[in-house]
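Take a walk through this structure. Start with its loops, then move on to its helices.

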Amino acid sequence: MDGRELLDAPLAGLCAEARRVRDRGFGRVVTYSPKVFVPLTTLCRDVCGYCTFARPPRRGERAYLPLEEVLAIARAGAAAGCTEALFTLGDKPELRYRVAREELRALGCETTLEYLAHAAGAVLDETGLLPHLNPGVLSAADLAALRPVSASMGIMVETTAERLGRRGGPHYASPDKLPARRLATIAAAGEARVPSTTGILIGIGETRAERLGALLAIRELGDRYGHVQEVIVQNFRAKPGTRMAAHPEPSLEEHLWTIAAARVLLGPEWHVQAPPNLAFEDFPRLLEAGIDDWGGVSPVTVDHVNPEAPWPALERLRSATRAAGYELVPRLPVYPEFVSPEWVDARVLPAVLRAADAEGYGRGERWAAGADVSVPDWAVRDTVSGAPGLLPTSSLSGNGARRRRRTVPEASRSVAEPLTKVRGGVDLDEDDVVALFRARGGDLRAVVAAADALRREVCGDTVTYVVTRNVNYTNVCYFRCGFCAFSKGKLAENLRGAPYVVPVEEIVRRAREAWSRGAVEVCLQGGIHPAFTGETYAEICAAVKRALPELHVHAFSALEVWQGAATLDVPLPDYLRRLRALGLGSLPGTAAEVLDDDVRRVICPDKVTSEQWLDVHEAAHGAGLRSTTTIMFGHVDGPRSWARHLLRLRELQRRTGGFTEFVPLPFVHMEAPIALRGRARPGPTFREALLMHAVGRLALHPWITNVQASWVKLGAAGAQAALRAGANDLGGTLMNESISRAAGAAHGQEMPPERIEETIRALGRTPRQRTTLYGEPPAEQTRRSYGAPPLAPPVNPRVSDARLKAPTRLVRPGLVPTARQTSARERASIGGTMRTQLLE
């Protein structure tokens, strides 16, 4: 399409088509960037006829914003929840003004761009805001110098009509506004892999055909390099004191026509923006023309380029967006498609990941798994309408809450169709599950309500929990999981605290103490000590069961089982049958992380593969053992990998029926090595955490009927919200918890029955103690669990006291070929293929 057919297109029909194109690409999402505006300098060598931002030097005024003022603006923005620092400045003023050259020398810089790099780097390093730079025309060398301190850059083409640069035109005597120079900068940015913003300015004397010509030039460059992340369609506003003060402004209809033409011409995958403040009270109508982005909106600073046009208040922007049927979503200055090492410099990427959610949008909240931070406001109340949110306010204070039915909002087609499948008993496919995980706003509420309704249908209003004790018998591990802050040792990613090994007699003592406090289960797991073999796990299991034959032993991750079998050179099924004979009751679902090997290669490359994890649990079910399932999410994963994980669990459960529950485990990032190195997001957002429980309920139905909320990761209030989003179980009392605490979790290591039941009753639900396999615990154990005495201090002897000897070779299952690369016979024998993959 060359656009000629659009020139005389009626506005109503063009806008309708633009909306259809926009909706194909972005559904219900309309974005904005929470930003601060940093006017680094208002000096410019160009003299555009419409501009009030650039002005000549004034006596007594600084030519450049001092660094301390730059940082003050950025800090105020960070405190207000902004993620972008928009640096706007004139183009190379030192080439025109002596005062600029002198001040730059005083700042220790030769050029404006050098000072820009210094200021942007300081903002990035000291505040975490992501710099977006608009410095004008740039060379390849300029782009290379600025890329390490910016998330993205921008330069408006404005127009490709060269005649507007002649005498009497708006760009006369403005050498940096020559279209060829600006297009060359955009091309150079593409070569440099810089996510770039550009656009056109309408109403400065160009024709409709010339606007379309500019859009086609932008499209050609974007198609060639793939780097143009948004196109702005900005309308001219006449400003007093400029050469164009009396120039007529384009009408709203002309602006809408141009936006709609841009959307149709560019297609569904391009982001199209129009600034809301320049449309004044008519800004909601811009949505009619197919925009999917409002641009930067600041709660802190004015629009220094258009100071006469204040940004609409965020709540008004959200309300107007929702009234049009869309959901306002914060984004970063770098769009989701560009949140990757390919597009973002290694210095900037950690800050981008800290600010991003799983889809690359802005997190929009301060909540983090394990952190002592309140749940977001939207979970308590609708921030637009003020209606109650997902979590009743009474539950936050621990008061009883009357159960109420929530009004389910109408969902978009992409969400409504999967929900209809669930109601009809049809299994969801991968795309269905991905669509549910991407739900926001009204779609989010629809997913959560559907999951809650299904939970009520399947499980009723009873919330279960188990009185249990965790025993982590060593924190030494030779595997290199990037998310783990618990393991210690020479091969660990992050050495923290003293390494220990708990002797068998201390494990038994803790189990006895747990039994005396009403426990019906002991959960045994630990790091993979190099000296541990399959005999180690067999000895631990047998010792506990000899001492306490009625206590259920829930023990050993798939990695421990795999490693134990490999060290004894026996097949998995044989080893699991031996453990069961010694008293093993069930397996925890840990070590699953995310069952997508593209994710596992990043976070746990030498751990069991997805196929190996599934093989262990299938073999356990074949040996008569039940097991749980988990997902540890919110790091380098996303909706697609989550969907694959859930469907793999569902397919195994369909074959074996051996899983008892699904346990989402939000990534606790505070001390995790992969997060400390800036290579992962800081866990899931609260929205993503709720969706994992809700979508898990929907996607695994009817095969897995219990969904657990982890109070250790979510906190009490977060767990309550999960219980209203499809969960029916609160996990265990734990008594001891080491792994999440090592990662920085602040929600404690024991929640006694009294507090668990108070948390449940606050939702108007009924608490019930259970066994590991969801049966009724012995009445005497239930009685003992209330008012239990304090625990004796645990004994964790230093690893040297254990006098263990490491083998000369260590098994690393993650280095083994996947199931698709091995025969069934080879996979059945640990002593075959797996044993040969030993690392000296």
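Helices (H or I, at least four residues) and strands (E, at least two) are DSSP runs, numbered from the N terminus. With that in hand, look at Tyr-774, in the loop between β18 (766-770) and α28 (779-785). This is a predicted model, in which local features need pLDDT of at least 70, side-chain atom pairs count only at pLDDT 80 or more, and totals for chains, interfaces and linings use all residues. Residues are numbered from 1 along each chain as its sequence is written, and side-chain values use heavy atoms, with hydrogens and water left out.

Stay with Tyr-774. Its phi is near 70 degrees, a positive value in a residue other than glycine. Is Tyr-774 buried or exposed? Buried means under 20% relative accessible area, exposed over 50%, and partly exposed in between (1.4 Å probe, protein chains only). Tyr-774 has 16% relative accessibility, so it counts as buried.

Asp-569 also has a positive phi, near 60 degrees, and is likewise not a glycine. Find it in the loop between α18 (558-568) and α19 (572-582). At 42% relative accessibility, Asp-569 counts as partly exposed.

One more loop deserves a stop. It runs between α24 (686-700) and α25 (711-723), and Pro-702 is found there. The peptide bond from His-701 to Pro-702 is cis, with omega near 0 degrees.

Now the helices. Helix α8 covers residues 252-266, 15 residues in total. From first C-alpha to last it reaches 21 Å, close to the 21 Å expected at 1.5 Å a residue. That expected span is 1.5 Å times one less than the number of residues. Of its 15 residues, 14 are buried, so α8 is largely enclosed by the rest of the structure. Gly-267 follows α8, with a positive phi near 100 degrees.

Finally, see how two helices meet. Two packed helices are described by the angle between their axes and the distance between the axes. The axes of α19 and helix α21 (residues 610-622) come within 9 Å and cross at roughly 50 degrees. That makes α19 oblique to α21. Angles under 35 degrees count as roughly parallel, over 145 as roughly antiparallel, 65 to 115 as roughly perpendicular and the rest as oblique. Axes are lines fitted to C-alpha atoms, for helices over the stretch in contact, with angles from 0 to 180 degrees between N-to-C directions.

Which residues meet here? Leu-572, Pro-573 and Leu-576 in α19 touch Asp-615, Val-616, Ala-619 and Ala-620 in α21, where contact means heavy atoms within 4.5 Å.
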